Amino acid sequence: MRPYTFTQSRSVSEAVADAGADTAFLAGGTTLVDLMKLDVMTPARVVDINRLPLHGITLDRDGLHIGALERMSDVATHRTVRQHYPMIAQALELSASAQLCNMASIGGNLLQRTRCGYFRDVTTACNKREPGSGCSALTGVNRSHAILGTSDACVATHPSDLAVALVALSAVVHLASARGTRTVPLDEFYALPGTTPHVENVLRPGELITGVSVPRSPWAGHSVYVKVRDRQSYEFALASAAVALELRGSTVAQARIAVGGVGTRPWRLTEVERALTGRPATPDTFESAVGGAADGARPLAHNAFKPALLRRTLVRALTVLQERR
Amino acid sequence: MTNSPVGREIDRVDGRLKVTGAAQYSADYPAPGTAYAHVVTSTIGRGTITRIDAGAALASPGVLRVYAAPDPRLKLYPVAPQFRGLVENYAPLQDTAVRFHGQVIAMVVAESVEQARDAAALVTATYDAQPPRTSLADEPRVPAGPTVSGSPSNLTILAPGVESIDAALAASDVVVEAEFHQPVQHHVAMEPHATLAVWDGDRVTVHAGAQIPPAYALLLSQRLGVLPQDIRLISKYVGGGFGARVVVWSDALVAAAAARELGRPVKLVLTREQMFTLVGHRPHLTQIVRLGASRDGVLNAVSHESDAEMPVVGGFNVTPAHATSDTLYRTPNLRVGPRQVILDLPGSRAMRAPNEAPGAFALETAMDELAVATGVDPVELRLRNYATVSPATGLPWSSKHLDECYRVGARRFGWSRRHATPRARVDGQWLFGVGMATAVYPATRHPASVRVRLLDDDTAVVSTATADLGTGGWTMVAIAGADALGIPLKRVTPEIGDSALPQGAPAVGSSATHSTVPLIVGAAREAIAALKQLAVTDPRSPWHGANAEDLRYEEGRLRAHGRSMSFGRLLTALGSRGVDATASGPGGAPAGYAYHSFGAHFCEVRVNRFTCETRVTRFTTVADVGRVINARAARSQLVGGVIFGIGYALLEENPLELDTGRLAGSTLADYLVPVNADIPDIDVHLLDRPDPLLIGPLGDDGGEVGTRSLGARGLGEIGNVGSAAAVGNAIFNATGIRVRDVPITLDKLL
Ligand SMILES: Cc1cc2nc3c(=O)[nH]c(=O)nc-3n(C[C@H](O)[C@H](O)[C@H](O)COP(=O)(O)OP(=O)(O)OC[C@H]3O[C@@H](n4cnc5c(N)ncnc54)[C@H](O)[C@@H]3O)c2cc1C
Ligand code: SF4
């Protein structure tokens, strides 16, 4: 760990006042402190934001609003969330461990860093950590890496489960900086690695996430998050699917789908959504609709199984929803 | 004694200390003036260090020393010939050679843990790198050395007139040939390896987790160049060994040497990342098993060959057929041939059932394949090939109730409801399957000494330098002491984990309990004899002048001539603090027999129909381990072993980068072991049949002290043997897919 200054802010304006590229906001610290100990993140200033009033889980006419400092466990167990947005609760419940979820915040979750082992080991080359140094994962161990949205510079997955569910439900993030506030659709928040994998999102230096809003929809209440991994708990996804269906009778009226564990960012699958719309909710429909889900995938030496796993995860999630009806 | 604790469900005597945090592990000990160390490790797989830049680290706050290879100030000696093969074969920080990725190349010592860690991050090194040899498939092979029990590891037994094992296989009706692969696995003990070294002149006290405290002290003294009697190793509470704490690793050597050079106590705690390269691993290996049998499954030939990694710095010599293929089944033709492949990898070490876990995975999977090929039920197949004498040695067993394990296990599990055809049971999203396998583990007794002291407060102290790795050693010593002396458990004070105590049994090879217990019995008997002697010779004793043979000892009291007195009262009356006696035993067991524990595993899994991940839903293990000393601890050991087996089958793997020699996994988030959610209730049943030939070094029980002929065998590792095969066989039954490369992850079943 490198020396840094530590301050605690009491208001959003105070927190963002002179925050810049060298500043890291401290929420639960489950990503930040971990990576500082590994010398992967070396902020000169750490600003504790835990006293900021970024709380509250509310449902109104527009939808669900969650403060950036709400803890993962509080959101996961919230009755409104469980009832109206089950996939959000499930995505959180299937994340990390109970202890971590008691600490970790919603804002921090969306900004957690990749679990690529080379990113976390400062003795190896990694373009995301050290632009231009190379990507060790291309020739190294890459079983858990992405197949969609990758570039020659970086093939790391975005690890958040919550973000996958939020992208499926067209959530937006509210941001604040010294220049004012703005709202960005989460699907446009994350950047593809391209040649600049160290740029992970559209957040400006010193900009703060203040909250997340998820619109009301006829499908959010009939949704599921399926997470596939080697062990039953306490592991990131090899593949995950956030699926919401609006069914009329036995016909799919609307579908919203995003997948995790396979993309360099949470990956919305609008093609699959379209292929389901207006079709009977049957195994045949599901099989054919997911046929192209992994189109354009660029598998690596150790993750050639991911296109097939992705398709099957989707069929599994669709089947769960159809059976639950 | 009617209410002996032996065989009951006894709580850990150290349980309260552990859950309240009062039990001190190595890193918990304070020492005035302690300085803190942090090591820096190599980032190439093989080569030479050309330069280490320690300037920035030295200038960093609180830094006292930076030791960079080669640093003669540390004064570490090469391994003495008698210890070669037992420890890594180089002296750390004494030359510029890089032998593996993740080797110690420098160490920072500072006033605080944080200062040492932060300064260590500033040390940089340049190398003259060479490509490391990492390929098990491509590097040259050499025959493996002798097995852990000293027998030759290469063995061929042929029936009269049979020319070769190949000929025997060719002449068999049914042949199964299968190749198995197991990657690098790690002990991942919960407690990080920690060393605190405190010098006092030429004498040093070291706090470090050790499975064999006296041997650890001896190895350390040689490397430091001090006399064996000048080193004391304290290892009272240990957070897991699993084989990684059998020997002295480079961390303890450099910490102790630095403390001497600096003239201050030095504490070094490895990080989790460092533990993946500095304190051993289970060597990766390939095995080929060939079975030849008649159409009804009677074996005619068993062949078991293997290629295992042997790190250039030394490591564990894996002989996977040892106690598995050379032991389990009757066969007229047997060939076992382990080989080694020298690679530039971190030092390896025995890891839980080091030969038997991999060996049984291969053999017991192949047996399942033979069951499929012949259409014989897997339990029946094993009974048809049941061995009554060891196939390798021709010796009968001291005691063997494996057939009963199969039958009791099958009944408890409901094996008869199994569908022989794969994919026959589907429930919703899940395919269900069942599988079984055999467990076996050699019973070896090691030399040890135990001292029993009877004190004037009516308590007894039982002392021996064995170790409790979390396994229940403290409690075992207390139970056996209480039983041997016929007094309540709470009046026995166990003393272990200190090399200054009488030489204890190693906590390795599932042998600590059955090596120690007979000597506790022996020492108790001698202590009672000493008490009687005192009673008849001391003028203040009521039995002064009586004949020692007339005194009876019962439940903590001496009785004779119408009088009875507790030993405490007698000692008080005589003004004596206590009497003691020490018993020593050479280990071993009566010749002419084979000694093994046995068991049978039955497993049910479900495999997701869509995404193919496997979850274990039921597990039954029945084991024949001789006498059970503590039913609770015994069950825990078996359950722990089965969990290890589930991890072996489904999760554990550290991927090796062939071009760099780097082990890719370095945290418990990417080196996966089972979590609670992966483990169902595990049904463990122990037959509790005392082994009639393991009744202690002193022959018969002598009639007066407790249960004496305890007849215990080992049970620490046997749960780990065969359990992975039971999981894999269940996966085959569920899916029809046979996976011979562990871990059996979902991508192999898609
Ligand atoms: C062992 C382990 C397992 C895990 N498993 C999972 C899993 O299965 N699924 C999953 O989704 N996650 C998992 N996580 C990640 C975990 O969810 C994140 O670490 C956590 O959500 C981060 O939240 P935090 O509040 O602790 O963030 P912090 O560590 O405090 O911050 C993370 C980053 O976000 C920045 N930041 C925090 N809050 C704000 C804000 N309001 N505005 C702007 N910047 C901000 C910080 O500066 C920092 O860069 C795991 C983590 C660990 C350690
Ligand atoms: S995949 Fe991305 S994060 Fe991983 S090593 Fe390559 S550049 Fe770094």
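1. H145(A) sits in the loop of chain A that runs between α7 (106-110) and α8 (161-168). The model is a predicted one.

2. The relative accessible area of H145(A) is 3%. Buried means under 20%, so H145(A) counts as buried.

3. Which residues does H145(A) touch, not counting those up to four places away in sequence? The contacts of H145(A) are C116(A), A137(A), V155(A), A156(A), T157(A), G261(A), L300(A), N303(A) and K306(A).

4. Turning to the ligand, there are 33 residues around ligand 1. Those that come nearest are F25(A), G29(A), T30(A), T31(A) and S105(A).

5. Backbone atoms of several residues lie close to oxygen atoms of ligand 1. For F25(A), a polar backbone atom is 2.5 Å from an oxygen atom of the ligand. For G28(A), a backbone N or O atom is 2.8 Å from an oxygen atom of ligand 1, and for G29(A) the corresponding distance is 2.7 Å.

6. Taken on its own, ligand 1 has 970 Å² of accessible area, and the protein covers 95% of that. Two or more residues of the shell come from each of β2 (23-26), α7 and β8 (208-215) of chain A. The largest share, three residues, is given by β2(A).

7. What is the make-up of the shell around ligand 1 by class? The shell has 18 nonpolar residues, ten polar residues and five charged residues.

Definitions and conventions: Residues are numbered from 1 along each chain as its sequence is written. Chains are lettered from A and ligands numbered from 1 in the order in which they are written. This is a predicted model: local features need pLDDT of at least 70, side-chain atom pairs count only at pLDDT 80 or more; totals for chains, interfaces and linings use all residues. Side-chain values use heavy atoms; hydrogens and water are left out. Helices (H or I, at least four residues) and strands (E, at least two) are DSSP runs, numbered from the N terminus. Buried means under 20% relative accessible area, exposed over 50%, partly exposed in between (1.4 Å probe, protein chains only). Contact means heavy atoms within 4.5 Å. A residue is near a molecule or strand if one of its heavy atoms lies within 4 Å of it. A polar contact is a pair of N or O atoms within 3.5 Å; within protein, one must be able to donate a hydrogen and the other to accept it, and residues adjacent in sequence count only if both atoms are side-chain atoms. Accessible areas come from the Shrake-Rupley method with a 1.4 Å probe; for residues, only the protein chains shown count as cover. Ala, Val, Leu, Ile, Met, Phe, Trp, Tyr, Cys and Pro count as nonpolar, Asp, Glu, Lys and Arg as charged, and the others, Gly among them, as polar.
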